[in-house]
Amino acid sequence: MITGKTKLLGVIGHPVEHSLSPVMHNAAIAHLGLDYVYLPLPVKPEDLPVAVAGFAALGVVGFSVTIPHKQAILPLLSEVSPVAKAVGAVNTVWHTGSGWAGTNTDVEGFLAPLLACHRDWSQTSALILGAGGAARAVVAGCAQLGVRDIGVVGRDRHKLEAFQRSWVSSPVPVLATHTWEELPQLIPQSSLLVNTTPVGMYPKVDEMPVSPALMVALPAGAIVYDLIYTPNPTEFLKAARSAGAMAIDGLEMLVGQGAAALQIWLQQPVPVGVMRQSLRQHLGLPT
């Protein structure tokens with residue numbers, strides 16, 4: 001029951017109607033028996049400042065931030081966490097006594113399934129496909145893991161150079177950038193391969209960022225991680241499994257970043273399993 005005492009959480013974006021965040025957050029809230037509700041809140045780019053001010057006036061406890069606001073919201077915050085500054089984007093905001101504070105739980109979400117692997121990451125070479133905003137969170141996550149080196153693959157050499165320069169003053173291990181043509185030389189050395197591109201996402205579900213012929217060159221024990229969560233699994237992850245690699249889908253990152261955000265807002269442990277199960281049921285996946 002929503003009452004006059006119900007506290008408000010939500011997600012802002014444009015568009016935001018497709019977001020799966022309300023599914024998992026409201027499932028967790030119901031499980032905990034709390035008087036909160038989590039809503040999709042569509043906000044156009046030009047309306048972001050007035051919307052954020054309005055949320056404060058309405059007493060909104062906190063909100064998630066998705067495309068296209070993750071960078072644009074930074075100047076509107078009175079406090080930004082070190083990890084969000086390193087990534088250059090915020091996805092989680094909460095209200096404090098002095099205004100809005102923000103962080104980036106995408107890094108924590110990305111790391112959650114990898115930390116469960118209990119590996120010696122200092123011997124791992126990570127290769128990241130794509131050099132956009134999601135790749136920044138993955139680079140920061142790989143740095144936290146302590147991987148030996150990080151390679152980022154993109155199509156535009158100028159964008160790659162700018163991406164590389166943006167990390168110069170941060171505590172990131174060896175960061176190299178490569179073009180797509182170099183993949184045949186890179187794949188055999190990559191024990192962690194992460195797709196941050198939209199290749200393989202609906203409607204082009206038959207596409208792959210790396211050909212099946214190249215996937216078989218992955219080293220033994222490699223982990224292949226696709227940030228896409230629908231379709232599940234992607235053709236990329238199917239090829240990874242066929243090549244003998246461990247496959248991780250984007251649903252784990254979605255759940256992990258959401259659980260980290262909800263814990264910030266509620267200031268208590270949250271039922272990660274309930275959140276995962278609610279999403280799998282919603283997407284028609286086996287639970």
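Two strands are taken to pair if DSSP finds at least two bridges between them; helices (H or I, at least four residues) and strands (E, at least two) are DSSP runs numbered from the N terminus. The model is predicted, with local features needing pLDDT of at least 70 and side-chain atom pairs counting only at pLDDT 80 or more, while totals for chains, interfaces and linings use all residues. Residues are numbered from 1 along each chain as its sequence is written, and side-chain values use heavy atoms, leaving out hydrogens and water.

**Sheet**

- Six strands form an open sheet in the order E9-E8-E7-E10-E11-E12, with parallel pairing.
- Strand E9 (174-179) and strand E12 (246-248) are the edge strands, each pairing on one side only.
- From one strand to the next, the twist averages 20° (angles run from 0 to 180 degrees between N-to-C directions; axes are lines fitted to C-alpha atoms, for helices over the stretch in contact).
- Helix H6 (residues 157-165) packs on the sheet and touches strand E8 (149-154) and E9 (contact means heavy atoms within 4.5 Å); the direction of H6 makes about 175° with that of E9.
- Strand E11 (residues 223-226) pairs with E12 in the parallel sense over three bridges, and Tyr225 has Ile248 in E12 as its bridge partner.

**Helix pair**

- Helix H10 (residues 250-266) and helix H11 (residues 272-282) have axes that come within 10 Å and cross at roughly 135°.
- The contact involves residues including Leu251, Leu254 and Val255 of H10, and Val272, Met275 and Leu279 of H11.
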